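Trainee: Could you walk me through this model while I look at the sequence and the structure side by side?
Mentor: Gladly; let us open them and begin with a single residue.

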Amino acid sequence: MAFLPPFPFVARLQTARTRCSKVVPFLAALLWIIPTAAVSHEDIAKAAATAAEAPQVDKLTESLLSAAAQYRGASRAHRGGLAEALVAAAASRARVLAALMESDPGAVLDAALTAAVRAEMPAFLGQHLEQAENLAGALTILHEDRGGGESRFHYLLESPRGRYSLHFAGDPPEHLRTGARVRVAGVRLGQMLAVGAHEAAFQEVGGAAPASTLGARRTIVVLVNFADAPTLQPYTAAAAQSVLFGTTSSFFLENSYQQTWLTGDIVGWFTIALPSTVCDYATLATQARAAATAAGVDLTSYAHQVFAFPQNACGWWGLSTVGGNPSQSWINGDFELGVLAHELGHGLGLWHAHALDCGTTTIVGSSCATNEYGDIVDMMGGSESAHYNAFQKERLGWLGTGAAPPLTTVVADGTYAIDAYEPTGTGPKALKILKSTDSSTGKRTWYYVESRQATGFDSFLADPRTGAQNVTSGVLVHTGSEASGNSRFLLDMTPATPVYYYWYDPALAAGQTFIDPDTGVTIAPSSVTATGAAVTVRVAAASTSPVAVSVSTDQPSYTRGQSASITARVTSGGSPVANAAVKFTIIKASGSVVTAKATTTGSGMAVYKLRLKPQDPVGLYAVDASTTTNGKSAKGAATFTVR
Ligand SMILES: [Zn+2]
């Protein structure tokens, strides 16, 4: 039973969804991060518009090489005119590469000039040409989203030589936090760096100094307005004080079971030199910090810095680092709990709360879509009030450790009691049930089970118009992995009911049973009351036969233009496994990555054919194939050469 919510609610959720950033992040980010790049801001805008024409990069490289050959072959007297054409060719190519950095960094790695060719280029082209680099520094992770509910995280490297944006050809590192010390090898253009998927391309050399998530969190809010509207103060410092150190601090106290709260100061309003017509959050922060320091504020005594300002040209409501010491958050316009508790959640190291949509008949599986903010019962998802879920609270040290209420890790079949999630208490607040273990990393994925009631900051659950139609009469089930902070998903326990962007009836009702078809894990709440729930659990069948994947190619080496046929064979205890989903990851010699999926046949074989394009790099290609079947993961690897 799900109904389409009344319109005002939809509108409100749409607002929530765009809380982080929208519409202009591509330009906003680049305007900040490449102030000294070879390509101008206008060039970036043009490049963004032509990103769809990425394949032209090969032609542009040919034009560049041909213009360079002409230049080198010309007499000194004729070189003047040729130099102009050469610069134009290099600049056109740089514009396309700059756009590709955003959309397809692997293509930048593929297109990069070799060291020998690069060395032959005239020095005056330097700013227009890419360069292989090895850089070390501190990582900053910012999150943005691109509208339509799509979100992405933005990685910056602060090195002694400057600030660079990192663009990953493979999966970005979601296990790190702002402040981690890293070493990066890649291809640099201006202040942008394309990073390959080789293990050597991105290495953590030191974790972020752990910022505390407990006790009084010292927070400074710097209120600033803009040079073109210096008298605009949409709310008072006293109002901000009440929202942050009153309401939002209470949210943290209740969520943390009285372990974490906010203290600190609100300063301003200060008028900064920046106008409201540009979206440049780095300059905004720099000028806000300078204004506060000039007014006698010691910024070093705060763990969280918040910059709040009247609505400006940025399309988002809030923006934040993920972790960081201090963390930094930007609040654009309305200063409310819904944005503050979300952005400060990022500041404490949290990522978004997603939902997993596996269709109308399936709840979990390997072919599901992710809704970035789809967890409508989590402040890091689509809600503007709800408690953080148990995976998040465990990460923050608010559950299952020290003086915090316990989590029950279920290792044997049985019936387990959990207390209602919101109030303080000494009983268990959630169940944690093993779903699978990655055989190559040992990292585990868990089910989390919570019993939520309409109390405190979860009071909105009493009103079905706010979307929570069955939450208080059942239990919520999430998955979360130890491998990544960005890995938690709300599951839809009523997949057959209609979905209208979000689903509003995610809970597993008392009397219903969920069975994981891959592992046999069974979750069945037998009673749900205002004070808690009883849940019968069957854990995964004990592993009897290990799963193995072997990978082979039909030839040891190929020439460009050929197709490489890659076969993965999945076995369990030596017998072939049919219908296993296999993920192929091919890392080209340049470090760029191709991924593909295939399903095993009755003989346990899954095949992927990689067509080698004329512009593909030569050298050693690495393939791995991974699968999770019967709750067990396995991986195999092979290499081949392209000449
Ligand atoms: Zn966010």
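Trainee: Okay, is Leu-223 buried or exposed?
Mentor: Leu-223 is buried, because 25 other C-beta atoms lie within 10 Å, and the cut-off for being buried is 20 or more. Please keep in mind that this is a predicted model.

Trainee: Which strand does Leu-223 lie in?
Mentor: Leu-223 lies in strand E7, which covers residues 215-226.

Trainee: And which residues is Leu-223 in contact with, leaving aside its neighbours within four places in sequence?
Mentor: With those neighbours left out, Leu-223 is in contact with Ala-237, Ala-240, Ile-266, Val-267, Gly-268, Trp-269 and Ala-308.

Trainee: How many of the chain's contacts join residues at least 24 apart?
Mentor: If we take contacts between residues at least 6 apart in sequence, 66% of them join residues at least 24 apart. As for burial, buried residues make up 46% of the 643 residues in the protein chain.

Trainee: Switching to the largest nonpolar core, which residues touch the most other members?
Mentor: Those are Leu-97, Val-108 and Val-449, in a core of 149 residues. Helix H5, residues 76-103, gives this core its largest share, with 10 residues. Val-108, when residues up to four places away in sequence are not counted, touches Leu-97, Leu-100, Met-101, Val-187 and Ala-194.

Trainee: What span should H5 have?
Mentor: H5 has 28 residues, so at 1.5 Å a residue it should span 40 Å, and this agrees with its end C-alpha atoms being 40 Å apart.

Trainee: What about sheets, say the open one of 4 strands: what is its order?
Mentor: The order is E15-E23-E22-E21, and the pairing is antiparallel. Its edge strands, each pairing on one side only, are E15 (414-419) and E21 (514-515). Between E15 and E23, the latter being residues 532-538, there are 6 bridges, and Thr-415 stands opposite Thr-536 in E23.

Terms used:
Residues are numbered from 1 along each chain as its sequence is written. This is a predicted model: local features need pLDDT of at least 70, side-chain atom pairs count only at pLDDT 80 or more; totals for chains, interfaces and linings use all residues. A nonpolar core is a set of buried Ala, Val, Leu, Ile, Met, Phe, Trp, Tyr and Cys residues joined through C-beta atoms within 7 Å. A residue is buried if 20 or more other C-beta atoms lie within 10 Å of its own, exposed if 12 or fewer, and partly exposed in between; C-beta atoms are placed from the backbone. Helices (H or I, at least four residues) and strands (E, at least two) are DSSP runs, numbered from the N terminus. Two residues are in contact if their C-beta atoms, placed from the backbone, lie within 7 Å. The expected span of a helix is 1.5 Å times one less than its number of residues. Two strands pair if DSSP finds at least two bridges between them.
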